[in-house]
Amino acid sequence: MQSTPPQGPLVSIPTPIFVAGHRGMVGRAVVRALQARGYGNILTRSRESLDLLDAGAANDFFARHQPKTVILCAARVGGIHANRSFPTEFMRDNLLIALNVIEAARKHGVTRLLNLGSSCIYPRDAPQPLREDALLTGPLEPTNEAYALAKIAALKLCTYVRRQYGLCYHSAMPTNLYGTGDNYHPEHSHVIPGLLRRFHEAKVSGADSVTIWGTGTPRREFLHADDLAAALLHLLETESPPDVVNIGTGKDIPIRELATLIAETVGFQGRILTNPHMPDGTPRKCLDTGKITALGWSPRIPLKIGLKKTYADFLLESGR
Ligand code: GFB
């Protein structure tokens, strides 16, 4: 059972701040948020210049640049189909990135590390909304077990370092994310970017229907990446946050309803069909957000507005 240390006053984030994974959707949002709040001395490295799968390279980077804070956004991520198809790579890469970064940080004087997890770490059949203390109380959802196990290992490593070495290494568990800079791959993406693309292409080609994966009945909660970035900064500016804090909206909707919202956003007027041969995944995944709310943070971007912004980003990114 994790402890909940006192919240403490808001503090400023020690610099230099290393944002690991700054080219991904979350990392980009975090860098924008840090800059908007006036933080300088932000360290970033592309995958080509620093391979976090390589322990030696990670160690050398920390020894040379001496960050004081790390925001660990680097990860191999993907939607339900990618997770199900490549469990070896999802487990291997996420374990290595977490181990290499957390260990190099600990050895080279990083006093504050915020690790990013995912709501899929909670047992498939845990009571909803999912509380942080549901962790490790039952079997995981099979479609993303490999990813979830790697994220649980990273979370636990942070908890152990905090307990054993007295360093404030802690984790945030975001719900399903979307936003600017998402991955719009037709098969490997999450549901929002995947459907924005499919509905857009159907509108352009004049198709009379779009097929969504699964039965359309699973429920998901969606948080915009800019809301997540604001929550992460809020956690980092909290002197002594809990080891694990859920970040979400506390509201979920059926995938079928999401598809209708996306059709409206894109301007597609045809029929929406389902494909039960594709996986549904977990029937429901909605976070209890009591802890982050008590710390004084709440989301600001409603789903409809967030979808409009993301569609605009998709059109820009794909040059359409
Ligand atoms: O976003 P998604 O891949 O994430 O799928 P998960 C959510 C739901 O949308 C599932 C349905 O029930 C899908 O069957 N869906 C319908 C679609 N049409 C589509 C589509 O075109 N593309 C996609 N991707 N889904 C992931 C995990 O699970 O969530 C990861 O695999 C991670 O590990 C991430 O935790 C947040 O919520 O099912």
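Buried means a relative accessible area under 20%, exposed means over 50%, and partly exposed lies in between (1.4 Å probe, protein chains only). The views below show a predicted model, in which local features need pLDDT of at least 70, side-chain atom pairs count only at pLDDT 80 or more, and totals for chains, interfaces and linings use all residues. Residues are numbered from 1 along each chain as its sequence is written, and side-chain values use heavy atoms, with hydrogens and water left out.

**View 1. Strand E10 (residues 244-247) is covered on both faces.** Helices (H or I, at least four residues) and strands (E, at least two) are DSSP runs, numbered from the N terminus. In a regular strand the side chains alternate between the two faces of the sheet. Val 244 and Asn 246 are buried on one side of E10, and Val 245 and Ile 247 are buried on the other. Strand E5 (residues 168-174) pairs with E10 in the parallel sense over four bridges; two strands pair if DSSP finds at least two bridges between them. Val 244 in E10 is the bridge partner of Ser 171.

**View 2. Three strands form an open sheet of mixed pairing, in the order E11-E8-E13.** Strands E11 (253-254) and E13 (284-285) stand at the edges with a single partner strand each, so one side of each has no neighbour in the sheet. Strand E8 (residues 219-220) pairs with E11 in the antiparallel sense over two bridges. Arg 220 stands opposite Ile 253 in E11.

**View 3. Ile 80 lies in helix H3 (residues 80-85).** Ile 80 is partly exposed, at a relative accessible area of 23%. Leaving aside residues up to four places away in sequence, Ile 80 touches Thr 143, Trp 213, Pro 279, Asp 280 and Gly 281, where contact means heavy atoms within 4.5 Å.
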